[in-house]
Amino acid sequence: MSGSLVIAGLGPGAEALVTPEVSAALAEATDVVGYVPYVERVAPRPGLVRHGSDNREEIRRAEHALQMATDGHRVVVVSSGDPGVFAMAAALFEAVEQGDAAWRDLDIRVLPGVSAMLAASARAGAPLGHDFCCINLSDNLKPWSLIEKRLRLAAEADFAMAFYNPRSKSRPEGFVRTLEILRQSCEPERLIVFARAVSTPDEHIRVTTLAEATPEMADMRTLVIVGSSQTRRIERDGAALVYTPRSVS
Ligand SMILES: C[S@@+](CC[C@H](N)C(=O)[O-])C[C@H]1O[C@@H](n2cnc3c(N)ncnc32)[C@H](O)[C@@H]1O
């Protein structure tokens, strides 16, 4: 039997945001592999084995998935959001590049998903409507000095910015420092969106300014969007609309 390997994005949480292509791949899978909470989003069924593992085991998880596909299994590796955004697709290709030569001959496909920044942006309005960048604020896989450099240059270039992994219990200081750096070059009225647990029952969207933002507004389930100098807010009954115009004059 010839195996296959699909790397799929489950979207930000809601079932309605899982693409039909990803649902079809999961329906045909013999094995689902990923971080425990993501694997648990796939309903159990006869003929499907779910392999949940710890968050810090990306390369070992990738090697396990590649070996099962080599042995003839139809394997789906799942990530939240999009698998190519701070997630398993790159880890898998790292394992392919460094591992068994036979892995290069496998049938491997990446299926996109709705990334957290897109879901968060849609909830707030259109803050990413002009040029933007996204930065992972975790220093688990890169030095903090590089994060600071990228923050400064992104602010100087007047990008809107989307921040993944803004703050965790083991890294409480990073987001404090992030706000300090932004305050050095952005005006106090700069708009910030804190979008927590988007598309889940715990969803909470808060729109504030750089002057009023506090580190406690973010946690590991939050996607933070900092507007550019052009980003504005339309007040109306109900939630305000935040958008960045399409053009800069
Ligand atoms: C390891 S990254 C994975 C990103 C994922 N691959 C994606 O494309 O959305 C995890 C971070 O994504 C963000 N995130 C994921 N799901 C989210 C959601 N439903 N609401 C807000 N932020 C989310 C948070 O910043 C979280 O710390």
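Is Glu-187 buried, partly exposed or exposed, and what is its relative accessibility?

1. Glu-187 counts as partly exposed, because its relative accessibility is 28%. Note that this is a predicted model.

2. Glu-187 has a charged partner. It forms a salt bridge with Arg-190, and the closest N and O atoms are 2.8 Å apart. Arg-190 itself is buried, with a relative accessible area of 4%.

3. Arg-190 also pairs with Asp-158. Here the closest N and O atoms are 3.9 Å apart. The cut-off for a salt bridge is 4 Å, so this pair counts. Asp-158 is partly exposed, at 29% relative accessibility.

4. Next, look inside helix H7. Glu-180 and Arg-177 both lie there, 3 residues apart, about one turn of the helix. Their side chains meet in a salt bridge, at 2.9 Å from N to O. Glu-180 is partly exposed, at 38% relative accessibility. Arg-177 is partly exposed too, at 24%. The cut-off for buried is under 20%, so Arg-177 does not count as buried.

5. Glu-180 and Arg-177 belong to a network of salt bridges. Glu-148 and Arg-152 are linked in that network as well.

6. For the overall tally, the model has 9 salt bridges. Among them are Asp-158 with Arg-190, Glu-187 with Arg-190, and Glu-180 with Arg-177.

Notes: Residues numbered from 1 in each chain as written. Predicted model: local features only at pLDDT ≥ 70, side-chain atom pairs only at ≥ 80, totals over all residues. Heavy atoms only, no water. Buried < 20%, exposed > 50% of the residue type's maximum accessible area, 1.4 Å probe, protein only. Helix = DSSP H or I, 4+ residues; strand = E, 2+ residues; numbered from the N terminus.
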